[in-house]
Amino acid sequence: MRVVRVQQGGLGVPEEAYLESFPEPDATPEPEAEYPLVLVTWHDAWFDFDQTGPEDCRPDYLVRTVGFLVSDGTRFVSVAQEVLPDGDGFRAVTHIPRSIIESITMLLEDPDVAPPHDAG
């Protein structure tokens, strides 16, 4: 977060403690581990106040989770929403039992498709 003091007549200068630091131009950044982007379709558990009996069961309650594949184990597949910098790990990791996974689709970048431009 950047703190900026508001002064009369416009914005002030950010406080020194909150200024961003950037690496020197000739410094080589540390390589980050690569985690493929995936779409996991899986059968989730659910809770329904209106379910009155077994005939009201929802057997095809499929959930789709998109994220970084951080573990592809024999019992669980783990998908993180965020990969933190400097090897600090992950945030918002969903651990999905392999037995309830319907499919895992790798989401590949297409080099022929240009990314959307910021309209700013």
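The model is predicted. A search of the whole structure finds 2 salt bridges and 1 aromatic pair. A nonpolar patch on the surface is formed by L37, V66 and L107, and positive phi values occur at D86 and A92.

**Salt bridges**

- Side chains of opposite charge can pair when their charged atoms come close.
- R98 forms a salt bridge with D72, and the closest N and O atoms are 2.1 Å apart.
- This pair links distant parts of the chain, with R98 in the loop between β6 and β7 and D72 in strand β4 (residues 62-72), 26 residues apart.
- R98 counts as partly exposed because its relative accessibility is 32%, which falls between the 20% limit for buried and the 50% limit for exposed.
- E82 forms a salt bridge with R91, where the closest N and O atoms are 2.6 Å apart.
- E82, at 36% relative accessibility, counts as partly exposed, and R91, at 48%, also counts as partly exposed.

**Aromatic pair**

- The search of the whole structure gives 1 aromatic pair, made of Y35 and F90, whose ring centres are 5.2 Å apart.
- The ring planes of Y35 and F90 stand at 85°, so the pair is edge-to-face; the cut-off for that class is over 60 degrees.
- Distant parts of the chain are linked by this pair: Y35 lies in the loop between β2 (10-14) and β3 (37-43), F90 lies in strand β6, and the two are 55 residues apart.
- Y35 has 27% relative accessibility and therefore counts as partly exposed.
- F90 has 31% relative accessibility and likewise counts as partly exposed.

**Nonpolar surface patch**

- L37, V66 and L107 together have about 210 Å² of accessible area in their patch.
- L107 lies in the segment after β7 (101-106).
- With 35% relative accessibility, L107 counts as partly exposed.

**Positive phi angles**

- Most residues other than glycine have a negative phi.
- D86 has a phi near 55°, a positive value in a residue other than glycine.
- D86 lies in the loop between β5 (76-83) and β6 (90-97).
- D86 counts as exposed because its relative accessibility is 59%, and the class requires over 50%.
- A92 also has a phi near 55°, again positive in a residue other than glycine.
- A92 lies in strand β6.

Definitions and conventions. Residues numbered from 1 in each chain as written. Predicted model: local features only at pLDDT ≥ 70, side-chain atom pairs only at ≥ 80, totals over all residues. Heavy atoms only, no water. Helix = DSSP H or I, 4+ residues; strand = E, 2+ residues; numbered from the N terminus. Buried < 20%, exposed > 50% of the residue type's maximum accessible area, 1.4 Å probe, protein only. Phe/Tyr/Trp six-rings, centres within 6.5 Å; stacked < 30°, edge-to-face > 60°. Patch = residues over 30% accessible without salt bridge, like charges linked within 9 Å, V, L, I, M, F, W, Y side chains within 5 Å. Areas by Shrake-Rupley, 256 points an atom, 1.4 Å probe, with all protein chains shown as cover. Salt bridge = Lys/Arg side-chain N within 4 Å of Asp/Glu carboxyl O.
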